[in-house]
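Trainee: I would like a close look at one part of this model, the helix packing. Please take me through it, and then through whatever else can be described nearby in the list of elements.

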Amino acid sequence: MWLDEADGFAEIFKGYLPYYLLVALPIFIIMSPVNPVAASHEFSVYRMQQYDLHNVPHGCRSAGFNLEGRSLTSWSTSRHCVVARVQDISIEQFMEVRSKAGALLLVMPKNITTLTTEEKEHIQLLEMAMIQQEINAPVYFAKWSPEFENILGDLQHSFIMDDKSGTALEAMFKTVSSNGYQIVVSASAPQKMDSRPVTIHGKLVGRLGSAQTIVIAAHYDSAGLVPELSRGADSNASGAVAVLELARIFSRLYSSSAVRGDASLVFVLASVGHSLNYFATKKWLEEQLDSTDASLLQRFRDRDAPPPLHFFYHLPADAVGRLARLTVTPPPPPPPSPCSGCAIRHLLADALGRLARLTVTPPLPLFRTCPSPCAWTRWRPAPCRVHVSKPPRPGGAAASLRARLGAPLVHKKINLADELLAWQHERFSIRRMTAFTVSSLQSHKEPARNSILDTASDTSLRSLTENIALIARALASHIYNITEETNEDDAALYDEVLGVDEASIKQWYEYLASQSRAPQVITTTSPNTGVTAALEKALSRYMEVTVGAHVLDKREPEFTLYSPTSAQLFVYSVKPAVFDLVLTLAIVAYLTVVYFAIQLFPLFYEEYAKLVAGKAKVR
């Protein structure tokens with residue numbers, strides 16, 4: 001027998017089995033994953049916003065980490081990366097994670113449209129709380145995927161707390177036998193980005209030149225907690241679409257000298273909005289008002305010029321698409337009186353090739369109804385609001401347009417001590433110009449204005465189309481002193497002249513809302529590419545367009561943006577730290593047994609030899 005022929009314990013394994021496998025083999029068996037293919041995953045993740053505004057830091061200040069993944073209920077130290085669904089984490093939990101955890105990874109909802117109203121409001125409030133102050137720990141967001149759902153499920157069920165287990169032994173067994181995840185983001189330290197905001201503007205010259213100027217402005221960037229996931233459908237893709245469509249409508253009217261309005265129209269699209277204090281609008285105003293070479297707003301440099309018709313109409317820079325759908329309830333009819341609608345009808349008919357001359361009538365409320373039914377009975381003032389820094393002067397242009405829109409007035413004084421201006425019109429009001437903002441929002445502090453949930457929807461698109469038509473009529477009625485329509489024929493004529501292109505609105509709305517337009521994206525790329533180039537090309541179809549790039553102060557910049565905005569995340573399937581401890585104890589115990597077996601082998605062999613010799617003698 002081979003055991004009888006061996007002179008020593010070591011010779012047994014030298015010829016038949018390498019003795020080092022006594023140590024290595026059990027370790028390899030225990031540590032190897034059940035499914036090697038599922039041992040690691042790779043995902044694209046998006047870092048939380050990071051920027052400085054007036055040298056005040058905001059957002060996430062770190063990028064890379066290598067930590068053990070834990071759920072909201074099982075993490076405890078800074079060695080853990082908390083992984084959760086964005087709709088599951090509360091503001092109180094976030095504040096605790098912010099101060100104690102090593103990193104935070106939030107998974108977006110599978111389908112935003114299926115969220116309840118309460119869940120959407122919770123996410124929006126969470127976004128506001130997260131962006132208020134700087135966060136030292138890395139914070140990333142990931143799109144939903146089946147793999148992430150499995151990881152979330154494993155983390156939620158793997159680490160069982162003591163109060164959820166029947167006995168301490170059961171809790172220990174479940175902890176040791178569970179699978180854990182090591183989460184790694186290999187990203188460089190945040191770096192400052194070279195940002196150059198731009199402004200696109202064009203002008204339709206009226207019959208009186210620059211004596212009367214109406215500026216229709218909107219910003220086209222999006223604001224959200226995560227730059228790469230900020231779509232900004234209502235804030236503010238809708239505003240940019242409205243500016244383009246109004247430019248198309250009035251370029252047709254201004255193409256003929258016979259029907260051109262008295263006022264000049266200036267259309268402005270700024271690449272930086274409320275999240276960065278309307279910096280592009282500020283620089284554009286400085287260039288137009290303080291430079292002796294600029295002529296776009298030359299009348300405003302003359303402080304002795306009468307101001308009544310000099311105003312800036314800041315068109316839906318926020319939430320045009322959220323304006324409610326107009327209803328069919330007509331207002332009570334006024335007493336019958338001579339109607340000027342017939343004269344207006346002939347004027348606009350001739351404007352399309354049948355117009356002989358323009359007749360001006362005293363301005364009356366746009367929403368009056370004639371003694372005979374007309375198409376205006378389909379409309380009533382939309383639940384939008386006109387936001388102003390000071391009440392408009394009675395009889396002025398701003399009061400006229402507000403009355404024609406039928407919108408209530410919201411008055412808010414400018415507070416220069418605030419970190420951010422409330423609305424874009426305040427940039428104009430600071431320069432002592434009459435200006436207002438049209439928005440469905442009651443306050444600039446509403447969380448829906450800066451949410452990653454602001455995505456495109458069919459309802460918003462329909463409302464946007466209807467409200468652009470409403471605003472176009474209100475603006476045209478002010479420019480041409482149109483007071484009312486008399487019958488269905490007149491309404492049809494107005495529809496023909498001021499009709500909106502629904503296909504174009506849909507195309508631009510879906511295009512802008514389908515991609516990120518965060519300042520980190522659109523201000524750090526060339527103006528000749530991307531969204532800026534597309535908007536410039538679209539506006540240049542209707543008028544001559546100028547694109548101006550604005551430079552930040554290098555010594556004391558108004559704002560600073562940081563990269564990276566995205567990274568690759570790796571998730572490795574590993575055993576928890578407790579398992580490492582138990583495994584170490586098991587290996588020590590195993591090696592102890594092997595050691596004593598080797599040391600006591602001579603005694604064992606001697607007893608074995610005696611036993612074999614005794615059996616031989618008996619035979």
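Mentor: This is a predicted model. Start with helix 15 and helix 17 (residues 530–539), which pack at an angle of about 165° with their axes 11 Å apart. Helix 15 is therefore roughly antiparallel to helix 17, since an angle over 145 degrees counts as such. The crossing in which helix 15 passes helix 17 is left-handed. On the helix 15 side, the residues in contact are Trp508, Tyr511 and Leu512; on the helix 17 side they are Gly530, Val531, Ala534, Leu535 and Ala538. Sorted by class, this contact holds 7 nonpolar residues, 1 polar residue and no charged residues.

Helix 15 (residues 502–513) also packs against helix 8 (residues 233–254), here at an angle of about 145° and with the axes 9 Å apart. Helix 8 passes helix 15 in a right-handed crossing. From helix 8, Ala233, Asp234, Ala237, Ala240, Val241, Leu244 and Glu245 take part, and they meet Ser504, Ile505, Trp508, Tyr509, Leu512 and Ala513 of helix 15. The classes in this contact are 10 nonpolar, 1 polar and 2 charged residues.

Ser429 belongs to helix 12, which covers residues 425–430. With a relative accessible area of 17%, Ser429 is buried, because the cut-off for that term is under 20%. Leaving aside residues up to four places away in sequence, Ser429 touches Ser389, Ile414 and Ala435.

Strand 2 (residues 50–53) pairs with strand 3 (residues 56–60) in the antiparallel sense, over 4 bridges. Within this pairing, Tyr51 has His58 of strand 3 as its bridge partner. The two strands form a hairpin with 2 residues between them, and His54 in the turn has a positive phi of about 55°. Strand 3 also pairs with strand 7 (residues 134–135), this time in the parallel sense and over 2 bridges. There, Gly59 has Glu134 of strand 7 as its bridge partner.

Conventions:
Residues numbered from 1 in each chain as written. Predicted model: local features only at pLDDT ≥ 70, side-chain atom pairs only at ≥ 80, totals over all residues. Heavy atoms only, no water. Pairing = 2+ DSSP bridges. Axes fitted to C-alpha atoms, helices over the stretch in contact; angles between N-to-C directions. Left-handed = near helix turned anticlockwise from the far one by under 90°. Contact = heavy atoms within 4.5 Å. Nonpolar A, V, L, I, M, F, W, Y, C, P; charged D, E, K, R; others polar. Parallel < 35°, antiparallel > 145°, perpendicular 65-115°, else oblique. Buried < 20%, exposed > 50% of the residue type's maximum accessible area, 1.4 Å probe, protein only.
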